[in-house]
Amino acid sequence: MALKDLWEQERSQRLQITAERRQKVNQWKQQTQQELQMQADLLHQELSSFVTSLHNDRKLQQQEFQQEIVERQLEILQIKTDVWQRQQEYRQQRSAKAQALFQDLQNFREILHNSVWGDYTHEQAVSPTPAKEEKLVVTVPKLSISRSAIKATGFRPSANTMTKKVPASNADTVKSKVQQYIQQAEGATLIEIEEVIGLSRVQTIDVLRSLIKQGVLEQRDRQYFIRQQAIS
């Protein structure tokens with residue numbers, strides 16, 4: 001009987017210890033769940049705050065990016081405007097320089113013409129031929145010298161004609177020399193007259209143009225001949 005009571009007593013003690021342990025475990029579980037819930041709530045709150053901050057930052061960056069795009073577009077527009085203005089200024093300057101260059105070229109041409117021909121101008125070249133010069137044209141004898149002979153032996157001007165370069169200021173002498181060579185050669189080209197007489201291209205053209213205007217020469221197939229009426 002005493003043994004049975006002892007066993008019952010020990011059994012009751014074990015049951016009590018087990019119940020206490022279960023109670024402690026339940027308390028620990030509850031406490032752990034509460035802590036986990038608190039941590040979860042805190043983490044959720046932090047995550048929500050982070051997401052909100054990230055969203056705000058993204059919106060702010062997007063606004064800044066759009067504003068920067070607008071500023072870059074304005075800068076590009078300003079650059080295009082400056083480039084267009086510079087192009088216009090450059091075109092105006094180039095046009096002004098071209099006009100100034102053409103004017104300088106015209107002045108240089110006039111100075112060169114005056115320095116070569118002196119007071120002999122284009123108006124004098126196309127003016128009517130004086131009576132003295134007409135007499136000179138009419139009295140020039142027609143020599144029976146072929147063009148091939150002149151090219152083979154060289155041009156032989158008269159005794160009164162200089163064999164060297166004629167002074168540019170003596171226009172009558174130059175025209176007489178050209179006329180005499182064309183008559184002896186029975187026609188000549190511009191290059192032949194230029195080489196034989198010893199004139200520049202500008203001088204040769206001016207002399208030939210003057211003689212054509214005066215009715216002394218005529219041009220056929222890039223060659224110059226003495227008019228028949230001037231010889232007859």
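Analyst: A residue is buried when its relative accessible area is under 20%, exposed when over 50%, and partly exposed in between (1.4 Å probe, protein chains only). This is a predicted model, where local features need pLDDT of at least 70 and side-chain atom pairs count only at pLDDT 80 or more, while totals for chains, interfaces and linings use all residues. Residues are numbered from 1 along each chain as its sequence is written, and side-chain values use heavy atoms, leaving out hydrogens and water.

User: How many of the 15 residues of H5 are buried?

Analyst: Helices (H or I, at least four residues) and strands (E, at least two) are DSSP runs numbered from the N terminus. Lys175, Tyr181 and Gln184 are among the buried residues of H5. The helix is largely enclosed by the rest of the structure, because its buried residues number 12 of 15.

User: How far apart are the end C-alpha atoms of H7?

Analyst: The expected span of a helix is 1.5 Å times one less than its number of residues. For the 13 residues of H7 (residues 201–213) that gives 18 Å, and the model agrees, with the end C-alpha atoms apart by 18 Å.

User: Which residue just after H7 takes a positive phi?

Analyst: Within H7, the buried residues include Gln203, Val207 and Leu211. Just after the helix, a positive phi of about 85° belongs to glycine 215.

User: How many bridges join E2 to E3?

Analyst: Strands pair if DSSP finds at least two bridges between them. E3 (residues 223–226) pairs with E1 (residues 188–189) in the antiparallel sense over 2 bridges. E2 (residues 217–220) also runs antiparallel to E3, and leucine 217 stands opposite isoleucine 226. The bridges joining E2 to E3 number 4.

User: In the hairpin of E2 and E3, which residue takes a positive phi?

Analyst: The hairpin has 2 residues between its strands. The positive phi, near 55°, is that of aspartate 221.

User: The charged end of arginine 220 sits over the ring of which residue?

Analyst: A charge sits over a ring if NZ of Lys or CZ of Arg is within 6 Å of the ring centre and within 35 degrees of the ring normal. Here the charged end lies 4.2 Å from the ring centre, and the ring is that of phenylalanine 225.

User: Over which residues is the pLDDT below 50?

Analyst: pLDDT is the predictor's confidence in each residue, from 0 to 100. The protein averages 77, and 75% of the residues score at least 70. Where pLDDT is low, the predicted coordinates should not be read in detail. The stretch with pLDDT below 50 covers residues 119–169.

Key
Contact means heavy atoms within 4.5 Å.
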